[in-house]
Amino acid sequence: MFLKIRRDTLIILLLAFMLIVSGRAMTYIAYASSTEDTQGVPISGIIIKGNDIVPITSIKVNVAESGFRSGSYIKGDVLVTSKRQLPLNEAIANAEAFVKKTTIPGTRVSPIVAVDIKVDKNTGIVTVNVIEDFSTVVVKNSTSSTGV
């Protein structure tokens, strides 16, 4: 059984096929000829999850102070900052300690009891999972009352 195809339709189909194949070939060639980043994977962002009361900016500042900031990069299992190089697991432990000390702005209350930090070595995204628990927070009144 033969299909009847007009000549102009066949030409259009052949051109479309050639465009698709040449596009794929150019994509593969561009990928193969791209230079690898010799520095490593730059820290591209910080994602905060699980916080209710403590502001995201306070947590991001503390994570950045531990070394996960713009300008830093991951090279293998090492975090390289502008001031030092340290193993990635040590940098994650430092960041967790910094995040646990994050307070509610204007107070000394630090409700963060647990932190889990994951670093994607391929994209440079730092994901921070925070657990806040106010049942363990000790809040003291520092104002004096005169009892009138």
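## Ser66 and its contacts

Ser66 is in contact (heavy atoms within 4.5 Å) with Arg84, Asn94, Ala95 and Phe98, leaving aside neighbours within four places in sequence. This is a predicted model, in which local features need pLDDT of at least 70, side-chain atom pairs count only at pLDDT 80 or more, and totals for chains, interfaces and linings use all residues. Residues are numbered from 1 along each chain as its sequence is written, and side-chain values use heavy atoms, with hydrogens and water left out.

Ser66 is found in the loop between α2 and β3 (73-75). Helices (H or I, at least four residues) and strands (E, at least two) are DSSP runs, numbered from the N terminus. Ser66 counts as buried, at 1% relative accessibility. The cut-offs are under 20% relative accessible area for buried, over 50% for exposed and partly exposed in between, with a 1.4 Å probe and protein chains only. A polar atom of the Ser66 side chain lies 2.6 Å from the backbone oxygen of Val63. Gly67 follows α2 and has a positive phi, near 125°.

Which residues of helix α2 are buried? In this helix, residues 56-65, they are Ser58, Ile59, Asn62 and Val63. They cover an arc of only 135° around the axis, which puts them on the same side of α2. The arc is that of the directions from the helix axis to the C-beta atoms. An α-helix has 3.6 residues a turn, so residues three or four places apart point the same way.

The face turned away from the buried side carries the exposed residues Thr57 and Glu65. The cover over the buried residues of α2 includes β2 (45-49), α3 (88-100), β6 (112-119) and β7 (125-132).

## Val99 in α3

Val99 is found in helix α3. Its relative accessible area is 0%, so Val99 is buried. Not counting residues up to four places away in sequence, Val99 touches Ile59, Val63, Ile112, Val115 and Val130. Val99 and Val130 are 31 residues apart along the chain, and their C-alpha atoms are separated by 8.4 Å.

β2 has a covered face with Ile46 and Ile48. Its uncovered face has Gly45, Ile47 and Lys49. In a regular strand the side chains alternate between the two faces of the sheet.

β2 and β7 run parallel and are joined by 5 bridges. Two strands pair if DSSP finds at least two bridges between them. Ile48 stands opposite Val128 in β7.

Technical notes
A polar contact is a pair of N or O atoms within 3.5 Å; within protein, one must be able to donate a hydrogen and the other to accept it, and residues adjacent in sequence count only if both atoms are side-chain atoms.
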